[in-house]
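Subject: Structure handover

Hello,

I am passing on a structure that you have not worked with before. Please look it over first; my notes on what was found follow below.

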Amino acid sequence: MKLFITSLLMTVVLTLLLGVIYPLAMTGIAQLVFPDQANGSLVSINDKVVGSHLIGQNFTDPKHFHSRPSAAGDGYDPMKSGGSNLGPTSAALRDRVKHDVDSLRKLDPTLPALLPADMLTTSASGLDPDISLANALLQAPWVARAIGLRPETVTTMIEQHVHGRTFDLIGEPTLNVLELNIALANLHD
């Protein structure tokens, strides 16, 4: 009986410690140290939330830069985050990539044969908000044409919004698509 009472008390103590006290402490520390990130890194325009710096969105209008394809539910659904797990021999992946290439070529028939990987592949989470510099520069001509700007103007805006490597060492330069499209809207308003 003593062993049962000891195990029951340990269960209650550990549940309170690890299930209540620890999560509340971490939430409090996150709110103090990283309040923007702890609250989702939300982006607001005129007091209206339009997205998050952390979660990609589906932009399909030629007047906007397009995000990476998404494998999260019906596209960019944060409740269904995850990769497709489709491999290089998958017919479903091959068909989706072919469809995406055909759609991109309708927007710009002059695209090169070899496209940046992030233009056609999903990220591991399916929610990646960033694209590569090469991807953005390939989209610049059709975006400029769709909104009536000179391509050089759009290219300059792209260069102003590049996020460098982490610690100047890890990863590749990227651009946040939501941030880029907001800057684009401000540019031609």
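The largest nonpolar core has 27 residues, and those with the most contacts inside it are Phe 65, Leu 115 and Ile 158. A nonpolar core here is a set of buried Ala, Val, Leu, Ile, Met, Phe, Trp, Tyr and Cys residues joined through side-chain atoms within 4.5 Å. At least two residues of this core come from each of H3, H4, helix H5 (151-160) and helix H6 (177-188). H4 gives the most, with 7 residues. Helices (H or I, at least four residues) and strands (E, at least two) are DSSP runs, numbered from the N terminus.

This is a predicted model, in which local features need pLDDT of at least 70 and side-chain atom pairs count only at pLDDT 80 or more, while totals for chains, interfaces and linings use all residues. Residues are numbered from 1 along each chain as its sequence is written, and side-chain values use heavy atoms, with hydrogens and water left out.

Ile 158 touches Phe 65, Leu 133, Ala 136, Leu 137, Ala 140, Leu 175 and Leu 180, leaving out residues up to four places away in sequence. Contact means heavy atoms within 4.5 Å.

Helix H4

H4 covers residues 133-147. Its 15 residues should span 21 Å at 1.5 Å a residue, and the end C-alpha atoms are 20 Å apart, which agrees. The expected span is 1.5 Å times one less than the number of residues. A kink of about 40° lies at Ala 140, shortly before the proline Pro 141; the bend at a residue is the angle between axes fitted to the seven residues ending there and the seven starting there. Among the buried residues of H4 are Asn 135, Ala 136, Leu 138, Ala 140 and Trp 142. Buried means under 20% relative accessible area, exposed over 50%, and partly exposed in between (1.4 Å probe, protein chains only). Just after H4, Gly 148 takes a positive phi of about 80°.

Strands

Strands S1 (residues 42-45) and S2 (residues 48-52) run antiparallel and are joined by 4 bridges; two strands pair if DSSP finds at least two bridges between them. Val 43 has Gly 51 in S2 as its bridge partner. The hairpin of S1 and S2 has 2 residues between the strands, and Asn 46 takes a positive phi near 55° there.

Asp 130 lies in strand S3 (residues 130-132). With a relative accessible area of 22%, Asp 130 is partly exposed. Asp 130 touches Arg 68, Thr 174, Leu 175 and Asn 176, not counting residues up to four places away in sequence.

Loops

Ser 67 sits in the loop between S2 and helix H3 (91-107). Ser 67 is buried because its relative accessible area is 13%. A polar atom of the Ser 67 side chain lies 2.7 Å from the backbone oxygen of Gln 57.

Most residues other than glycine have a negative phi. Ser 41 has a positive phi of about 50° although it is not a glycine. Ser 41 is in the loop between helix H2 (35-38) and S1, and counts as buried at 5% relative accessibility. Asp 168 also is not a glycine and has a positive phi, of about 55°. Asp 168 is in the loop between H5 and strand S4 (174-176), and counts as exposed at 70% relative accessibility.

Regards

Technical notes. Polar contact = N/O pair within 3.5 Å; in protein donor to acceptor, adjacent residues only side chain to side chain.
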